[in-house]
Amino acid sequence: MKPENDTQISEFYLLGLSKEPELQPLIFGLFLSMYLITVFGNLLIMLAVSLDSQLHTPMYFFLSNLSFVDICFTSTTIPKMLQNIWTQNKVITYEGCIIQMYFFILFATLDMLLLTVMAYDRFVAICHPLHYTVIMKPLLCGLLVLASWIMTALNSLLQSIMVSWLSFCTELEIPHFFCEINQVVQLACSDTSLNDIVMYFAAGVYAGASLTGILYSYSKIVSSIRKISSVQGKYKAFSTCASHLSVVSLFYCTVLGVYLSVSATHSSHSSAVASVMYTVVTPMLNPFIYSLRNKDIKRALRRITGMAAM
């Protein structure tokens, strides 16, 4: 593989979710609504955490970071998709595609790592409650988030650079609504074996390590909850991690469902439609899960809405 792009292409074509012209206004309205709900909902979570001093804890620090990443995650793909539908132009520049790919990998992987960090936070809170404030110091919380950013930035940078080394032929149509790395690599004329190895190795390492960390944390949490004698104590302990567990289940179930459906159908269009679940739906539902199942967030949001009304 040469570190150069022999075919000086300037653009790709994003085919989107449907080629039917009559469906474009419906798709535009639906995705615009979901995008606005996602941004507004996650901004409310960030605002609630920043304004309410009682939420200045590690758990909500990680939650506000997750909300920020979810906004960035959807903003990486949906605005460009809406622009293409509005202007009836499916073009994305070569540079724009590489940049979009970089940020998509960055925020998707960062989502997984933050969910793992949040699982560790719940593990310490429930399994080692007396040492929680000693272990989860602000410095450690900051370092965990910083380490997550650095690891994901290096991974996405490596994969984006490797794609930029590929040579592309005349077939430049991407059967997706964004520059999904696997779809772009399949368009290359040059050898992509190294790209495939790195891509699947990174996905296996990050997803595997994240899921292993979450499962280990919750196995210890369940073990600790079972040792609590009172039913009220068990409920209180479980309620502190119920929202996070719901978000983790939603994220991994949708991702797993996407790739199982794709492997079963072998259809690029099915892949594009299914990926809507974890790229748009999951970030949109996260604020609802945390606000509906968490009394502290609900109290903070009521205070904010009360201040706005005044």
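I began at Leu14, which stands opposite Ile174 in strand β3. The model is predicted, so I note that local features need pLDDT of at least 70, side-chain atom pairs count only at pLDDT 80 or more, and totals for chains, interfaces and linings use all residues. Residues are numbered from 1 along each chain as its sequence is written, and side-chain values use heavy atoms, with hydrogens and water left out.

**Strands**

I looked up β1, residues 11–14. Strands are DSSP runs of E, at least two residues; helices are runs of H or I, at least four; both are numbered from the N terminus. Phe12 and Leu14 point to one face and are buried (under 20% relative accessible area, 1.4 Å probe, protein chains only).

Next I checked the partners of β1. Strands pair if DSSP finds at least two bridges between them. β1 and β3 (residues 173–174) run parallel, with two bridges. β1 and β2 (residues 91–93) run antiparallel, with three bridges. Glu11 has Thr93 as its bridge partner in β2.

**Helix α5**

I then turned to α5, residues 138–164. Its buried residues include Cys141, Val145 and Ser148. They pack against α2, α3, α6 and α7.

How do α2 and α5 cross, and within what distance do their axes come? The axes, lines fitted to C-alpha atoms over the stretch in contact, come within 10 Å and cross at roughly 25 degrees. That makes α2 roughly parallel to α5 (angles under 35 degrees). Phe61 and Phe62 of α2 and Val145 and Trp149 of α5 are among the residues making the contact (heavy atoms within 4.5 Å).

Conventions:
Buried < 20%, exposed > 50% of the residue type's maximum accessible area, 1.4 Å probe, protein only. Expected span 1.5 Å × (residues − 1). Axes fitted to C-alpha atoms, helices over the stretch in contact; angles between N-to-C directions. Parallel < 35°, antiparallel > 145°, perpendicular 65-115°, else oblique.
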